[in-house]
Every structure is written in C-alpha cells, then in structure tokens.
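Subject: Structure for your records

Dear colleague,

Here is the structure I said I would pass on. My notes on it follow below.

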Amino acid sequence: MFVAKSIAADHKDLIHDVSYDFHGRRMATCSSDQSVKVWDKGDDGEWHCTASWKTHSGSVWRVTWAHPEFGQVLASCSFDRTAAVWEEIVGESNDKQRGQSHWIKRTTLVDSRTSVTDVKFAPKHMGLMLTTCSADGVVRIYEAPDVMNLSQWSLQHEISCKLSCSCISWNPSSSRAHPPMIAVGSDDSNVTYSGKVQIYEYNENTRKYAKAETLMTVTDPVHDIAFAPNLGRSFHVLAIATKDVRIFKLIPMRRESANSSGPTKFEVQVMAQFDSHNSQVWRVSWNITSTLLASSGDDGCVRLWKANYMDNWKCTGILRGDGSPVNGSGHAAALSAVGVPAAAQMVVGAASAGRKKAQLMPG
Amino acid sequence: MEEVDVEPSTTLIPSAGFHRKHLGFEWGPGDLLVYETNYKLQGPRSAGSPFVHIVRRDEDICSPILRKLFNESHLIFVGLQKIKEDIPSKNKKSQFVSISKNYRSVIRACMEELQQNAADRVFVLFSVSTQNAGSLLLHLLDWVRLHKSDVDARAREVLQSDSPAQHQSYWDVVISLVLQGRTDEARQVLSKQASLREESSSVFKSMDGLLQTMPIFNPTGTQTLTEFEVKWRHWHEECDRCLQENTFASNRHLETICKILVGDEDTLLEQKELLSTWYHFLVTRLLFTHPTIKPPDLHYYAQSSMNMFLGPRASPEPLDIILLSAFEFDLHQVIKDCSIALNNWWFVAHLTDLLDHCKLLQSHNLHFGSNLREFLVLEYASGLFTHHSLWQLAVDYFDHCPEFGRVYLELQIERVPLDTERKAIKVLRICEDRQMSEQVRSICKIMAKRALRNNRLGSALSWSIRAKDAAFATLISERFLQDYSNKGSFTDLDLLDNLGPAMLLSDRLTFLGKYREFHRLYGEKRFSEAARLLLSLMTAKIAPRSLWMTLLTDALPLLEQKEVIFSVDQTYELMSCLEELNSGTKDSNLTDQDEDIESTKTELLRLALARNLTMAIVKEGTIET
C-alpha cells in the first residue's frame, strides 16, 4: 500500500472522525475545533473543501452521512451533550461559482445529560432514523416521520443500558428474516455488569427494543463495534474493539414454537481474535464487502485483517505513522488558535479512562 | 506442504506518529482514509498533523496497462463461461488449452509492466500438466526459452558484430544456447569460431558432431519412447567417452560444454549466472540427465534442484514455493500460495476459473456453501468495482458466480457514483436486466431527490415514476401545481403531456396530468371536451378539495363563452360542487382579506353558473329548425 494523496484538512485541532458519503464522492471531517468540514471530490480527482462551519460548543466526536435517498444530510455528535442534524441547501449561483455550499441545522437533539459518544443512522429500509448513545448509558432512537421535513424528529425509543455507552452499530441487513438489531458497546470500567456488548432487537408485537444478547466474554471496556455487511449469510458477524480485536459470529437459533415471543436467541462463537496491536484497540470497521476488517490501536497502527477461503484470518497490511514531526506553519498556528477551550480541555489526572469523560467542559 | 507465510507489509504515513498518537481511518471506495487523531485525549496537546491521507493498494488499477489486461481477460473469461457442457472432452481440452494460451498472450502483452512472470509460468505449467512423458520436457524447454529472451538478444549482438568469435559474450551465448537445448543455434554460433582456427577445427568438428547428434524426442513421430531412450543413452555414452578421452582438453570452453552435455551437476551449477533461476537449472538438468521425465516425477527433481541452486543459506522466496507447488501440480496449493503472495487477484481468479471449468479442481466446500473458484472470482470482481469504468466488467464476473454473485452485485452496484444521468441510466439498466427491483427503486429515488433539490421538477418526476414511488410522485405533483398557481403556467409540458399510463402511479399525479390536459384542450379550443374533463375532475374525485376553487375558477372562461358549452346537467353538477365546497368548514387560517376574495369568487361563479343555466335551458329547449 502507498499514500496516494495527502489532503491538508485545515482543522485547528485534532480530527476525531472522517466519514465518506455513500458514493465516496464527498467526505466530512469533524474535530475538537468544534467544526465540521465537507469536502467534495471534483472531476479532476482533487478534494475541495466546500463547507466549513461551527457545529457544536464542544469537541465533535463523530460525523455521519444519511443515505442519499434522504438527500444531503449529515449528523454530528459532541461532548456538548447534543447531536445535530444538518442539511445542505442549494445555494445562490455565486456560491456555486465559488464552489461553496451551505449547510443548515435542522434540529438539535438535547435529551442526553452527558457527552454524546456516537451517532449513527439506521439502515435506510427502516426510514430516516437516527441513533445516539451517551456516556449516561442511554441509547436513543429518533425518527423523522416526514422525510421532507427534517426539523421534525421524535424520540421513538430510549434504551437504558445501565453502562456508559461508547459506540453503536446497526445490523445493516434488510432481510425480512430478522428484525432490526443494534449492538451497543460500553467503555465502562464497572465490574458488576461484566458483559460490555449488548445486542437489542426490535419486537414487532411490543413495538419495543428488547435485549437479545449480552456478550459476557467481553469484559474489558469496548471502544468500537461494527456489524459486517451481510452477504446472504444466515448468521451475523460483529467486530469489537476492546483490549484486542474480536470477531463474533451470532447464529440465530430456531424458535421452539412459531408463537414464541421475545427476542431471538443466539449461539455466540468467536470467529477470530487478534492481539497484534498489543494494546487497546480503538476503532474497527469493515469494508463494503466485509472481506476486510481494519482496526486501529494504541500502538499507533492501523491493521488490516482478511480471511482466506478457508476462513483463516491473517493480517494483510499495517499502516503506521513515520514518526516525523509536522513541519511548517501548522504547528505554530495551532498553538495560537487553540486558546482557552483547549486549556480547559486539558486532562487533569490520568485516572479517568476514556476520552469522553475525561474532558472538562469548555469555558 | 506448509502454507506460505508472508509478513504483512508496513506502509508509513508521513508526518504522523510524532506524539505517539493514534491513527484514525475510514474505508473508502477502493482506498482507505487515514488521519492522525487521539482516542484518549491524554498527554500533550498540539494540533498534530491535520492531514487526511488517502492510502491505496500497490497495484494501481488505474494504470492503462492493467486496464488493458482486465479488459481483454474479461472477454476471455466470458468466452470460457460459454463453452458448452456437452462438447466431447477431447475438444473441450483443446479449447481450454487454447484459452490458457489466450490468457498467456494477454499477460505477455503486459508482461514488462506487470511483472506477472509467475502468473505466466503457472499458466504454462497448466498446459504442461496435460502432457505425457517425452513431450513434457519439450514443453518445459519451450517455457524456459520464453523467459530467457535475453539470450536471443545477446546472440544477435554477437553474430552481428565484426568478429563474433572475439566478442566478449561469445562463449556465454554458446553455453546459454546449449543450456536451453538449442543445439542447432549453438552450432551456428560455434561455426564462427571454427572457421577462424584451422588447427583446432577437428575439436570443433567433434563438438559440432555431438551437438548435431543429440536426440530430441518427436512426439508426433513414429519413434517410441523406448527407442528414443536407447538412442539417447547411446549418445550420452558418446559424450562421456569424449570427456574420458580428453577430446576437448585443449579448449576449456568446449570441455565445459561437454560436461554440460553429460549432465554434470557441478558444471551446471557453475553456470548459475547464465541460468539465473533454479527452474532453468531444473529443466537443463532434466534435459541432460532425464529427458523422458514423466509429470509425476517432476517434483522430486524440482525440490532438489531448488535446494542445490539456492544453496544452504538462501531461503526460497514465496514465488519459488508457488512454482514448486506448480511442479507438483498441486493446484490447490498453488492457488493458496498465490492468494497470499500475489496482491492482485487477477491471476488467481482467472486461473481457478479455468481450472474449475476443466474440472481439475475438486473444490473444497466452504462453510457458506460456495466454492473456491467463486470466492476468488468474487474477490477479483469486487476489486474491479471501485474503478470508474472497469466496474462494468465486474458485472459479468458476478453474473457467473451462482451462489453469491447476485448479492455481491446488489451491494456494490448501489455504490457506483451517479455522476451523470447517462451513467445513472447505465447502472439502472444493469439492475433492471437482473430484476434488482430494490436497487432500481433506490437509484431512481436518489436521482429524483437530487433533481428536486435543484428544482428540476420534470426530471424529479420522471425519476419518481421510474422508481414507482407514489409518495414522491405525489409530492412532486403538488410542487408542479404550486408552481402553476404561482406562475400561471406549467413547466415541462412535454413530460406532462406524455405521461401515459404512468399517470396512474398516484392520485395527485393523475390529477396533474389530467389538469394539464384540460389546459391543452382549452388552448386547442376544444371547449366541450375541456369542459367535460374539468367537470369529471371534480365529480370523479380526482381533484383534491383544496383545488376545487381553482378548477371552478378555470370554468369561468368556459361559462363566459358566447356559445353554451356546459349543458344543463353539467351546470347543475357544477353548482352542486360549488355549494358542496361552501358548505364545508371554513378554513380558519384565512385572513379577512382572503375571505373577502373567496366570497367574491363564489358570487361571480354563482352568477356565471346561473346565466349559463338559463342559456343552456333555452338551447336545449329549442328545436333546431
């Protein structure tokens, strides 16, 4: 592998998330500088920043695109305890000439009492639904009943997980063979509730989400979680970023009777476990065909994992920083622009685990 | 045999990792985005490196050479799939071999840029595997000759020089030719030497004799293998005798050549530089010691040849191991090893596909029920999908993966960027041809939404119709109507006039179409038809209540024509519509001013309807004389 291109993202602080849109032609970046930037790939193959605006009053942790069927829509979540939905509006002609576009806030979701750690749209076959999870241990599922009016969102479900939540992942499968399913990971260091991954399933009869499974073998804090795209399999595959990379196979078990209510029971198997990072793993993500899993760890590396046709997993590539310092103006400019908010965000004491809880409120 | 264990390569990201932070990433179409971040936010704060890096795999499928390879092999692949099952196996075999040749020529055309030498060699071995003893060696020699093309160049250089015999590469060329079993050519070059030195001509004559009499097996000839073996042994003994009698003692080069002819291993190993690879060494060794080698015995010699050539210290490269497997005709192992060692799926996928068609591959049964060939073809095609034009080739590959091809295609075709209407239609046609209705709907919806955002109502409407999206069609129809009431005219007349049965997708769309038709009829002065249509819009409840006032107001010019258009019955119907409208609950949102306007309109209509009624009664009561 090689670095084909480097784009100067121009954020004044750390980038926390980067998200491609569905077709890979647009990109959104979010940062501790409280802003989101949107980049468009031109016909020349070059990336141009077409929008940059302040989105929150705290670090922006994640940014994600809605399916293009719903238009050009972004959601962001932040340390400032809110999540927000943004829509691009077709600008004036002179804006178009300058290559700029405008994004306006459609709604702010203020239900969380703590930092909102993840925001994800549900699979499109469920409609326009947004899900957040927070350090307060609650997963919230919102719906926009009228997809033409993105300022109206209603809180449809509140799932109380009893543990501080760090990440969520929807099962992308739209098969009618199984109901909507969401996995929640927790980075809580609480030892009473030892299973740090919970899986909830939607019940058509009660119209509620019920817990289907807790992965009891995952006892360390979980930082990221990702269902693999389902390619005609009868079972589900879930990757977890914890003290190592773990891939679970969830096999739905046949119900005893056709009428049995309650969530599906699963047989849980470990497909693979990698501790090559030798440290905490912070992110896991599948490629589109679920043939490659990428993970990022405390060792400062990104590793790529692949299964051969016999289902033996191997690391097929490593990405690592070359350890060279940033040169030039970037450094100096950052120091002056950082100012008070960053100072306030300086971590006091190394005791607190997890990035999101450790940060103090900005002034 | 142990699986090839290739260490994963490490790619360094510039200006990252200085403060020992983390690397964030995001999967993209065909690439990976990487950026420096910190998941813990502990430790020193600095802006770090606010760069986003795009990382790609080494084989750049954007290279024109690779594109050519992919395009041409695609044709071969599709052709192969079409070879019918019921052809007799003899013909099939030759067809497969010819397809293998086709792949090879395609590879060769791209060889220098690709360095797919290993791929080519294995393809050759495939056709070699169908050979028998005797001809096996001939094919191996062929193979070696193809890959040592530098010998020809050097030979040409020597022969074209002023005095070839004095050329510094002279003896290298002769020996190289002998090593490849090209005795006639070796003799030709040797003759340049012989003509110079008369006194040593007898020595050269002897060598020439040996080279000339070296038996070469002719598979199409009448000679049996046994007869050949006898002859060959005879000749071998003759060479050996020359050595024992020191025939060539006066010329060390000729002595070397004689030792080669006898198959002396040490001498062969001394020619390492000229041989350059262990498999050349293998073939040469076989040529001069076991020319009638049978395929099953090949791997013994292969392993020992490799060990001898590489020596005790050197360890084999992954490609060497692949070739060893190939010499064992252990095809599974070859594919396994290639999958890991070669980054590009091209070779493995096409080879396996070919093998599968020849039924040479007893596939393992994978846990999700597919087979190895399909697994590899899927991998290859998925890689193609990220390319802006090669993705269309991938479609054919997916089509020929019976188990998972469809679901892979469904997943990936949705991601093809719909840059232009033309491209969208291309993608759509592929989906429509395969009855991928959800993908069709989704793509049309995306295009409709995009058009609506840019206020291109006509385009949005066509896409909604194609998506069979009634709800969106309704929405866009309302926009059209809104536009009409704001501007007083319709846009996209062509589209609206030619909706046809698509009009029935949604009630509002039907109304829109019919309403436009009313205006058209009116414009063409076909008043009675227009009148009838207008009335039916209300009475058949096609028009929404909210628009009845508009429709009734549209009726006014028809009511005020000099001739009577609405009949008595029709007028009564209009009147009852008006009353029905007024008897409904008043819209509380109307301002006083609006209410005034509404009541004025109602009065006007009542008056016009009453007048029309009287005229109609008179008209219908009058007997035409």
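B:Glu438 pairs with A:Lys124 in a salt bridge, their closest N and O atoms lying 2.8 Å apart; the term means a side-chain nitrogen of Lys or Arg within 4 Å of a carboxyl oxygen of Asp or Glu. Between chain B and chain A the count is 6 salt bridges.

This is a predicted model, in which local features need pLDDT of at least 70 and side-chain atom pairs count only at pLDDT 80 or more, while totals for chains, interfaces and linings use all residues. Residues are numbered from 1 along each chain as its sequence is written, chains are lettered from A and ligands numbered from 1 in the order in which they are written, and side-chain values use heavy atoms, with hydrogens and water left out.

The interface: 78 residues of chain B are in contact (heavy atoms within 4.5 Å) with 94 residues of chain A. Together the two chains bury about 8200 Å², 62% of it on carbon and sulfur atoms; buried area is the accessible area (1.4 Å probe) lost by two parts on being put together, summed over both.

Strand pairing also joins the chains: strand 1 (residues 2-8) of chain A and strand 4 of chain B run antiparallel, linked by 6 bridges. Strands are DSSP runs of E, at least two residues, numbered from the N terminus, and two of them pair if DSSP finds at least two bridges between them. The bridge partner of A:Ile7 is B:Val52.

Residues 8-40 of chain A are 0% helix and 58% strand, with end C-alpha atoms 14 Å apart. For residues 274-306 of chain A, the end C-alpha atoms lie 12 Å apart, and the span is 0% helix and 58% strand.

Regards

Definitions and conventions: Helices (H or I, at least four residues) and strands (E, at least two) are DSSP runs, numbered from the N terminus.
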